[in-house]
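Subject: That structure, plus some notes

Hi,

Here is the structure I promised to pass on.

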Amino acid sequence: YYTADDGTTGTGSKLYVATCNNAICSNGATIVHVDGSQGYAAGIFNSLGIGSDGLPVISYSGVDPNDDDGMPGPIAEVKVLKCGTKLCDAGNTITTVQEDASVSHNIFTPTSIAMGSEGLPILVYLEYTQSGNRNAIKAAKCRDATCTTFVITELVHGDLNWPVAHPEIAIGSDGLPIVAYDYAGGLHVVKCGNHACSSGNTDNVAAFDIRITYFSDIAIGSD
C-alpha cells in the first residue's frame, strides 16, 4: 500500500507491503517499507501479484521532485519490485520499466500486473506525453523472474480529447493476457495475441455509454 506525505512530516510518500500473520488477517500484519523516501514519492497506483516461485511482485509508479531534466514538473517512473522473500523484507530487486521526460507534470501512471501462464509477470501502464496531446497504454512483459528486462509494446493510444485510461490486465483461460481500459465513453478490451502482447492483438468495444466511463477492472470467469 501507498502512504502520502501530508507535507508536514517530511517523511516522504512510500510503498509498504503488509503480510497478514494468519489466514484471515485477524492477528495483525508484518509491515515492511520497500520503496520511497523523503524527496522521492514511490508506490502510487500499485498492483500486486504472486510469482510462480511464491514470491510477491509489485508494479507501481513514482516521481522524484529532485530530478532536474529542464522540463516543468518531476519525472514519472514506472517500476517493478520483485520481493526476495515472502515478507519482502530482504533481497528485493527494483527495476525501472520506464523513466522519461514525456511522463511528467505530476501525471502518474496507473499500473496493473498479472502472472503469465508461463510464470513470468506482465504489466500494463498508462503513459502521458509531456505536451498532454497524446497518451498510450503500454504492456511490459518480464523476460525473467526478477523482471530486470522487458519487452515493451504500445497497445493503444488516445489524445487530449479522447484519452485512453485505467488499464487492467488478467490472464485468459487460453493463457494469453486480456486488458480492459476506458476510451471515448466506452469500455474497451484488448485480447493479446501472444504472451507479451507484442503481436496479433484484437481491440473490441465491450460496452458503450454516452457518459464518460472510468475505472474499469477485469477478471476471468470459471467458464
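Before the rest, some ground rules. This is a predicted model, where local features need pLDDT of at least 70 and side-chain atom pairs count only at pLDDT 80 or more, while totals for chains, interfaces and linings use all residues. Residues are numbered from 1 along each chain as its sequence is written, and side-chain values use heavy atoms, with hydrogens and water left out.

**The chain as a whole**

The protein chain has zero helices and 15 strands. Both words refer to DSSP runs numbered from the N terminus: helices are H or I with at least four residues, and strands are E with at least two. Of the 223 residues in the protein chain, 46% are buried. Here buried means under 20% relative accessible area, exposed means over 50%, and partly exposed is in between (1.4 Å probe, protein chains only).

The chain exposes about 10,600 Å², and carbon and sulfur atoms supply 53% of that. Those areas come from the Shrake-Rupley method with a 1.4 Å probe; for residues, only the protein chains shown count as cover. As for contacts (heavy atoms within 4.5 Å), take those in the protein chain with a separation of 6 or more: residues 24 or more positions apart account for 46% of them.

**Back to Lys14 and its sheet**

Lys14 sits in strand β2. Is Lys14 buried or exposed? Lys14 counts as buried, at 18% relative accessibility. Leaving aside its neighbours within four places in sequence, Lys14 is in contact with Tyr1, Tyr2, Thr3, His33, Asp35, Gly36, Ser37 and Ala42.

Two strands pair if DSSP finds at least two bridges between them, and β1 and β2 pair in the antiparallel sense over two bridges. In case sheets are new to you: strands of a sheet pair through backbone hydrogen bonds, either parallel or antiparallel.

**One aromatic pair**

The structure holds one aromatic pair. Tyr1 and Tyr16 form it, and the pair is stacked, at 5.4 Å centre to centre with 15° between the planes. The rule is that rings of Phe, Tyr and Trp (its six-membered ring) pair if their centres lie within 6.5 Å; planes under 30 degrees apart count as stacked, over 60 as edge-to-face and the rest as tilted. The pair links distant parts of the chain, 15 residues apart: Tyr1 is in the segment before β1 (2–3), while Tyr16 is in strand β2 (residues 14–20). Tyr1 is partly exposed, with a relative accessible area of 40%.

**A second sheet**

There is also an open sheet of four strands, ordered β8-β9-β10-β11, again with antiparallel pairing. Its edge strands are β8 (111–115) and β11 (150–159), and each pairs on one side only. β8 pairs with strand β9 (residues 121–128) in the antiparallel sense over five bridges. Within that pairing, Ile113 has Leu123 in β9 as its bridge partner.

**Disulfides**

How many disulfides are there? The count comes to four, taking a disulfide as a pair of cysteine sulfur atoms within 2.5 Å. In general terms, a disulfide is a covalent bond between the sulfur atoms of two cysteines. With bonded cysteines counted along the chain, the pattern is 1-2, 3-4, 5-6, 7-8.

Here are some details, link by link:

- Cys20 is joined to Cys25, S to S 1.9 Å. The torsion about their S-S bond is about 90°, so this disulfide is right-handed. Cys20 is partly exposed at 34% relative accessibility, and Cys25 is partly exposed at 41%.
- Cys142 and Cys147 form a disulfide with sulfur atoms 2.1 Å apart. Their link is right-handed, with 95° about the S-S bond. Cys142 is buried at 2%, and Cys147 is buried at 0%.
- Cys192 and Cys197 have sulfur atoms 1.9 Å apart in their disulfide. That link is right-handed too, with 85° about the S-S bond. Cys192 is buried at 2%, and Cys197 is buried at 0%.

Cheers
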